[in-house]
Amino acid sequence: MSDNVMPDVAVVGAGIIGVACALQLARQGRRVVIIDQQEPGHGASFGNAGHLATEQVFPIADASILSRLPAMLMDPMGPLRLDWKYLPRALPWFTRLLLNLRPAPFQRTVAGIRALNEGSLGAWHRLLGSIERPHLMREDGSLLVFERAESRQAIDALQARMSQQEVPVDHWHASVVQDAAPQLSKGIQGGLFFPRTGHFLDPYGVVCELMEAAKASGAQFLKRQVVGGKLDEHGVSLRTDQGTVAARQVLIACGAHSASLTGALTGKKVPLDTERGYHLMLPHEHGRLPFAVTSLERKFIMTPMDGGLRLAGTVEFAGLDRPPNMERAWQLHRLSQGLFRRDLSAEDATPWMGFRPSLPDSLPIIDKVCKGKVLLAFGHQHLGLTQAAVTAELIARLASPAAASNGLPALEPYRLDRF
């Protein structure tokens, strides 16, 4: 792409969703430029749990969040943490979340998440197959274990809810768990196995591979910070810290940082907040687990990767500006103690924190607005990795209505104008 040729699409955001979308758009023959203040894949896509969580079809919280609010405020190491200094800013968002838990909006949310999740693995197979990297994804299923006998009722209730939503799930007794994952503690009582899930061996590596494929299809990358923008007769002008980038269309896919640019271009105030997620990477732990394992009582997930074992799953509401509390990442190692016959090694472990973009109805925004000049793909909460490939196919369909639908879900649940 020469300097004097206007790009067809400027993709703001070089995470897993932005890069996957950029690749699909470039393959349509569009001139694409990808803009991010960091190198590709260095935001939330770098440190996610790596779990392709197609089984997670329910909203990010339920009505019990009210009774849990005191603990959220008082326990800095709890699995769900709300920084008390952030409470005034968070309350409107939490109020909208609770309103969306009423029966009708709740059912719309579940249907919307299900529709994306049910198309996710197929979309990932198509995308990875198209770049000849199918080995990056393991479709080995995942396991939710429980340790206390009194948790069996909760497990049975969850299985019933999952089955009602047609989520494939099998109940595993303790002996089956031990056969499949023999390094887990003998104290495991059993669990739920989700066969139609999987995980990535290197989530950051997936972004890099997709980025190389996008470049091979003609896309360019600009390491710049987008600080504003406006629409004009030709399309959109984006102000960056290194000058202006003009394009015929813009795709806003910068995750938790998407609200301000969306507001500037569309005039719509989007109720976007962030779940700050932490992980702890254990580089010396290989071969402990055959697939991702989540603890019901301890509320975190462990995913085997090429670089070791990743412990993740903690959620903190504290906004974009407060520094990370890395003690929350180290807490994950303490939570793992007792889950294995031999405790995990934390030697050379590395902590991490990233921002998950969350909307109060737990659904993303996937849309085309402003007479087609603005495309939107953000707000996927902790399902960004899971839903990235199917979102990219939806954005390609929006950008080119003549494109084949491949049985993709309808876009109505994800429209911007629902807010």
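Predicted model: local features only at pLDDT ≥ 70, side-chain atom pairs only at ≥ 80, totals over all residues.
**Entry 1**

I started with the second largest pocket, which holds about 310 Å³ of space. Its lining is made up of R96, L99, N100, R102, P105, R108, T109, D361, L363, P413, R418 and F419. I then asked which elements give two or more residues to that lining, and the answer is helix 4 (87-99) and helix 5 (103-118). Helix 5 gives the most, with 3 residues.

**Entry 2: helix 5**

I checked its length first: 16 residues at 1.5 Å a residue should span 22 Å, and the end C-alpha atoms are 22 Å apart, so the two agree.

Next, which residues of helix 5 are buried? I find P105, F106, T109, V110, G112, I113, R114, L116 and N117. P105 and T109 are in that buried set and also in the lining of the second largest pocket.

What covers the buried residues of helix 5? The cover includes helix 4, helix 6 (120-130), helix 7 (152-164), strand 20 (365-369) and helix 12 (384-399). Helix 4 turns up again here, as part of the cover as well as a contributor to the pocket lining.

**Entry 3: H333**

I moved on to H333, which sits in helix 11 (residues 327-336). Buried or exposed? H333 counts as buried, because its relative accessibility is 13% and the cut-off is under 20%.

I also wanted to know what its side chain reaches: that is the backbone oxygen of L344, at 2.8 Å. Leaving out residues up to four places away in sequence, H333 touches L280, L282, L311, L344, S345 and A346.

**Entry 4: two positive phi values**

Last, I looked at backbone angles. E166 is not a glycine, yet its phi is positive, near 60 degrees. I place E166 in the loop between helix 7 and strand 7 (170-173). At 61% relative accessibility, E166 counts as exposed.

S362 is not a glycine either, and has a positive phi of about 65 degrees. I find S362 in the loop between strand 19 (350-358) and strand 20. Its relative accessibility is 3%, so S362 counts as buried. My note on the pair: both have positive phi, but E166 is exposed while S362 is buried.

Notes
Residues numbered from 1 in each chain as written. Heavy atoms only, no water. 1 Å grid on protein atoms, 1.4 Å probe; cavity = no way out; pocket = protein on both sides within 12 Å on 5 of 7 lines; lining within 4 Å. Points joined across faces, edges and corners; volume = space filled by probe spheres on them. Helix = DSSP H or I, 4+ residues; strand = E, 2+ residues; numbered from the N terminus. Buried < 20%, exposed > 50% of the residue type's maximum accessible area, 1.4 Å probe, protein only. Polar contact = N/O pair within 3.5 Å; in protein donor to acceptor, adjacent residues only side chain to side chain. Contact = heavy atoms within 4.5 Å. Expected span 1.5 Å × (residues − 1).
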